[in-house]
Amino acid sequence: MERKTAEALRSQRKDERELVAYLRSPTAIRERCGQLYKLAVEGHSRYFNCDLSQLERVADYTIGVMREEYPDFKIPFHSRWRHFEAGGVPRLSILDERLTNLTPLEKAIAKFDLAIVSVLLDAGAGESWYYDEPETQLRFKRSEGLAVASFQMFCAGTFASERHTAPLQVNAERLQALTEGELAQGFAVSAENPLVGMTGRLKLLQKLGRSLVSSPDLFGEQDPRPGNLVRYLMTKTFNNHLDAATVLGAVLEGLSDIWSGRVEVAGINLGDVWFHPDVTDDGLVPFHKLSQWLTYSLLEPLEELGLKITGLDALTGLAEYRNGGLCLDLGLINIKNQDILLKANPVSSEAIVEWRALTVILLDSIAATIRQKLNVNAEELPLVKVLQGGTWTAGRRIAAELRNGATPPIQIESDGTVF
């Protein structure tokens with residue numbers, strides 16, 4: 001009897017490990033989101049309809065934005081690195097100058113440090129917050145403001161244990177000691193300039209510090225740094241090629257413990273995974289928005305090391321309110337239940353889970369339609385470039401045309417850790 005129980009427990013643990021691995025995969029994102037998409041297309045969603053006749057309209061609008069933003073169609077990846085050059089200021093060139101004396105590997109580690117911290121701080125800033133950059137006297141809001149502020153904090157050594165002698169680092173020890181006052185100072189937060197989710201952002205960085213220490217295989221035993229993930233990924237290359245899904249897997253494994261109040265399986269925090277009763281099996285729907293955004297942002301430093309990134313389109317579009325707003329504002333998604341417009345909705349609510357799921361699947365369709373219209377293939381115009389060119393900017397632009405402050409069409413409660 002005891003042997004049977006032990007075997008049952010082993011089997012259960014194996015099943016749970018397999019479920020965690022599955023829910024961390026881009027395949028699971030598309031399959032689970034696809035279930036909710038199918039319901040909406042068939043008219044069985046409680047919250048939304050999909051009007052696929054508007055697909056060409058959305059594609060045409062996005063192509064118009066792409067032609068305006070990138071007339072030569074040399075579109076870079078959708079990543080945090082774009083925001084660091086906000087206002088046309090060559091901050092990355094300035095950073096490269098400061099990293100001149102490092103080896104190529106050390107440069108990549110430093111850039112991973114910057115990208116990881118900056119992306120984790122890139123949840124919605126709210127409508128009123130702004131950042132005035134001291135060096136340029138330029139004012140930035142939203143994602144660009146968070147990027148420029150976090151860039152300046154990184155350069156000033158805010159996240160470094162030895163900020164005066166080695167400022168361009170992010171160290172586990174320093175992250176754990178970070179205070180809300182220091183973070184607020186870096187973001188120029190005041191009573192007149194509030195930033196949404198300050199406490200959530202601080203906890204995220206402090207938890208990141210603890211995660212770095214608890215995963216020495218990923219982040220190094222001596223002086224753990226997020227950038228040491230470069231060294232780990234170098235061991236996963238084959239003939240100088242590295243699969244994009246491998247990068248995502250490392251991000252999800254290394255950062256899973258930093259998210260608060262999320263679904264767990266076998267004691268493992270699943271991160272950006274939410275419940276919806278209409279999804280078969282366990283009802284869990286993964287998105288991994290910030291983790292994929294981070295993965296996209298880590299690819300460029302890896303390419304600078306001479307690596308060839310493969311399997312780009314295995315990753316999904318980002319389930320956030322700019323891409324989702326584009327679909328809603330141009331009628332590709334229509335709201336059935338107007339109640340969701342009356343108040344801010346929790347990220348965990350069925351309506352937001354559905355909206356995000358539809359966004360993931362529709363981004364694939366939008367990308368395919370754009371490629372067809374431009375007569376290019378997925379290798380020439382991968383999804384990560386469609387997002388940059390692209391749907392994210394188009395979503396912000398149509399929001400600005402329709403609403404003061406370019407607010408999203410559906411309001412979401414933000415704790416500073418998802419959007």
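## Aromatic pairs

Rings of Phe, Tyr and Trp, the last taken by its six-membered ring, count as a pair if their centres lie within 6.5 Å. In this predicted model, W81, F84 and F151 form one aromatic cluster. The structure holds four aromatic pairs. One of them is made by Y47 and F48, with 6.5 Å from centre to centre and 45° between the planes, and this pair is tilted. Y47 and F48 are both buried.

A second example is the pair of F84 and F151. The ring centres of F84 and F151 are 5.6 Å apart and the planes stand at 45°, so this pair is tilted; planes under 30 degrees apart would count as stacked, and planes over 60 as edge-to-face. The pair links distant parts of the chain, since F84 and F151 are 67 residues apart. F84 is in the loop between α4 (80-83) and α5 (91-98), whereas F151 is in helix α7 (residues 142-155). Both F84 and F151 are buried.

## The covered helix α15

How many of the nine residues of helix α15 are buried? The count is nine of nine, and the helix, which spans residues 321-329, is described as mostly covered. The buried residues are Y321, R322, N323, G324, G325, L326, C327, L328 and D329.

At its start, a side-chain oxygen of E320 reaches to within 3.0 Å of the backbone nitrogen of R322. Just after the helix, G331 takes a positive phi of about 80°.

## Two packed helices

Two packed helices are described by the angle between their axes and the distance between the axes. Helix α6 (residues 104-120) and helix α10 (residues 198-214) pack at an angle of about 140°, with 10 Å between their axes. That angle makes α6 oblique to α10, because only angles over 145 degrees count as roughly antiparallel and those from 65 to 115 as roughly perpendicular.

Which residues make the contact between α6 and α10? On α6 they are I116, V117 and L120, and on α10 they are L204, L205 and L208. An α-helix has 3.6 residues a turn, so residues three or four places apart point the same way.

Most residues other than glycine have a negative phi, and most peptide bonds are trans. A266 is in the loop between β5 (264-265) and β6 (268-269). N375 is in the loop between α16 and α17.

Are these residues buried, partly exposed or exposed? A266 has 49% relative accessibility and so counts as partly exposed, because exposed means over 50%. N375 has 70% relative accessibility and therefore counts as exposed.

The backbone also has a cis peptide bond, from G389 to G390, with omega near -20°.

Note on methods: Residues are numbered from 1 along each chain as its sequence is written. Side-chain values use heavy atoms; hydrogens and water are left out. Buried means under 20% relative accessible area, exposed over 50%, partly exposed in between (1.4 Å probe, protein chains only). Helices (H or I, at least four residues) and strands (E, at least two) are DSSP runs, numbered from the N terminus. A polar contact is a pair of N or O atoms within 3.5 Å; within protein, one must be able to donate a hydrogen and the other to accept it, and residues adjacent in sequence count only if both atoms are side-chain atoms. Axes are lines fitted to C-alpha atoms, for helices over the stretch in contact, and angles run from 0 to 180 degrees between N-to-C directions. Angles under 35 degrees count as roughly parallel, over 145 as roughly antiparallel, 65 to 115 as roughly perpendicular and the rest as oblique. Contact means heavy atoms within 4.5 Å.
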